[in-house]
Amino acid sequence: MSLPLFAGGRLVATVETAGDGPHLRYEPDWLAAPGAFPISLTMPLTAAEHGPDVAVPWLMNLLPEGEPLRAMTRALGVARDDILSLIAEQGRDLAGALTLGAPREGEAPGFVPLAQAGDLERIIEELPVKPFLVGEDGVSMSLAGAQEKLPLARPDGVLAIPVHGAASTVILKPDNPRLPGSVQNEALCMVLARRCGLPVAPVTTGVAGKRSYLLVERYDRALEDGQVVRLHQEDFCQALGRPPAAKYEHNRSGVKGPSLAEMFALVRAHMTAREITRLLDAVIFNIAIGNVDSHAKNYSLLLGPDRPTLAPLYDLMSGLAWTNITQNHAQDVGGQQRGRHIYARHWRRMAEAAGLAGPATVRRVIQVAERVVAELPAAAAEVAALPAGGVMLELFSGEIGARVALVAAHASEEGEDAAEPEPEAATGDSAYPG
């Protein structure tokens, strides 16, 4: 099988199968183009061809995980390990700038408006068995992750389904029956991050019949001269050459997941000191709100012809109020996974491993925590005023407030000298069920 990869209508590279697996080969014209960018930090433009050791993990990370992937393979009749066939079917609107497959004759990119009152509710209800509207005429799109979601667009302000390779501009994330208040929880964490000064994808909420949803603006899309253009990005699993099953530092995939030290090393090698501070603030914020699912695929970077930058934050959710999820964070902080047990010594250990100054890191923890405490009431009020309302916001705000106070207090303490508990491996596709 041979799959061409395009960016803005230009042929960038071709993925071809060989005896040892898929190889990716850059087009000579792309390598010579003044605005060329690498597909991944693992596949720099300094080499024209890259083998399966880096091409396969990058491709795998374009697909969903868990039940959405199983439902997709059932609907398409394609084996889940047939990566190229899955991407060939669903790869015309992906994360980042690339589309897979040549433009099809007689098909013009466009949008199907969801104009009828019950259209969106019906689509949300069908997502568990029909992820990404797989099988619908002209629809071909995919996003990574284990939770249900749907890329859409808003031409003329009306939600619509992109068809024939048109670019989606927003991501709809429906409420999760197993996580009551999930829409309000994620909206609160996203708004709180923005109010604390962290770059974050803009969000709002909505209601479709009996269902509610979060609507996230895609940071890998931009408007230029009235036209939507795709911006290239990759997540930290792709940038570090890890398969999606290894997105947690501790997992059962047989491949060790990225540690915070590795993530900081990647930023230091390719970005500026400002981006290192941004990553540190994001890590502290995720600990402070109890976002146990801040794994390597929930951090991304934007790739262009110049130096890479960190992408805005997304998929922020507090796991403190639900009893059916792990309380282990996705990465160790100085050897400790449990947020309520992280003390100054853990932050210093993390800082040393990441090449940061220990005392300055501890001070930064306290500063970020103080911002979270100060902005939490206003963030909750802002979310309550959104269309889906403030379901369970008081509970979520209370849990976050208590945790951030504990994180700040412990950052000023050394804690007990007892041996740290052994870290638990991740037990599923995601810390959050669904």
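**Entry 1: a pair in α9.** I began with glutamate 275, which forms a salt bridge with arginine 278, their closest N and O atoms being 3.2 Å apart. I counted a salt bridge when a side-chain nitrogen of Lys or Arg is within 4 Å of a carboxyl oxygen of Asp or Glu. The two residues are 3 apart in helix α9, so about one helical turn separates them. In general, an α-helix has 3.6 residues a turn, so residues three or four places apart point the same way. Glutamate 275 and arginine 278 are both buried. Here buried means under 20% relative accessible area, exposed over 50%, and partly exposed in between, with a 1.4 Å probe and protein chains only. Helices (H or I, at least four residues) and strands (E, at least two) are DSSP runs, numbered from the N terminus.

**Entry 2: ground rules.** This is a predicted model, so I note that local features need pLDDT of at least 70 and side-chain atom pairs count only at pLDDT 80 or more, while totals for chains, interfaces and linings use all residues. Residues are numbered from 1 along each chain as its sequence is written, and side-chain values use heavy atoms, with hydrogens and water left out.

**Entry 3: the other salt bridges.** I found 27 salt bridges in the structure. In one of them, arginine 221 pairs with aspartate 93, with the closest N and O atoms 2.9 Å apart. Arginine 221 lies in strand β12 (residues 221–224) and aspartate 93 in the loop between α4 (83–90) and β5 (98–100), so this pair ties together parts 128 residues apart in sequence. Arginine 221 also meets aspartate 220 in a salt bridge, at 3.4 Å from N to O. How accessible is arginine 221? Its relative accessibility is 8%, so it counts as buried. Aspartate 93 is buried at 2%, and aspartate 220 at 4%. A network of salt bridges links Asp93, Arg218, Asp220, Arg221 and Arg230.

**Entry 4: nonpolar cores.** I took a nonpolar core as a set of buried Ala, Val, Leu, Ile, Met, Phe, Trp, Tyr and Cys residues joined through side-chain atoms within 4.5 Å. The largest has 76 residues, and Leu188, Leu192, Phe236, Phe264, Phe285 and Trp347 have the most contacts inside it. Its largest share, 10 residues, comes from α9. Another core lies apart from it, with 52 residues, among them Met72, Leu98, Leu114 and Met141. I then looked at phenylalanine 236: leaving aside neighbours within four places in sequence, its contacts (heavy atoms within 4.5 Å) are Met263, Leu266, Val267, Ala296, Tyr299, Ser300, Leu301 and Leu310.

**Entry 5: helix α10.** Which residues of α10 (344–354) are buried? I list Ala344, Arg345, His346, Trp347, Met350, Ala351 and Ala354. Their cover includes α8 (260–270), α9 (273–289), β17 (328–333), β18 (336–338), α11 (358–384) and α12 (393–411). After α10 comes glycine 355, with a positive phi near 75 degrees.

**Entry 6: cysteines.** My search of the whole structure gave 0 disulfides (pairs of cysteine sulfur atoms within 2.5 Å). Cysteine 189 is buried at 0% relative accessible area, and cysteine 196 is buried at 5%.
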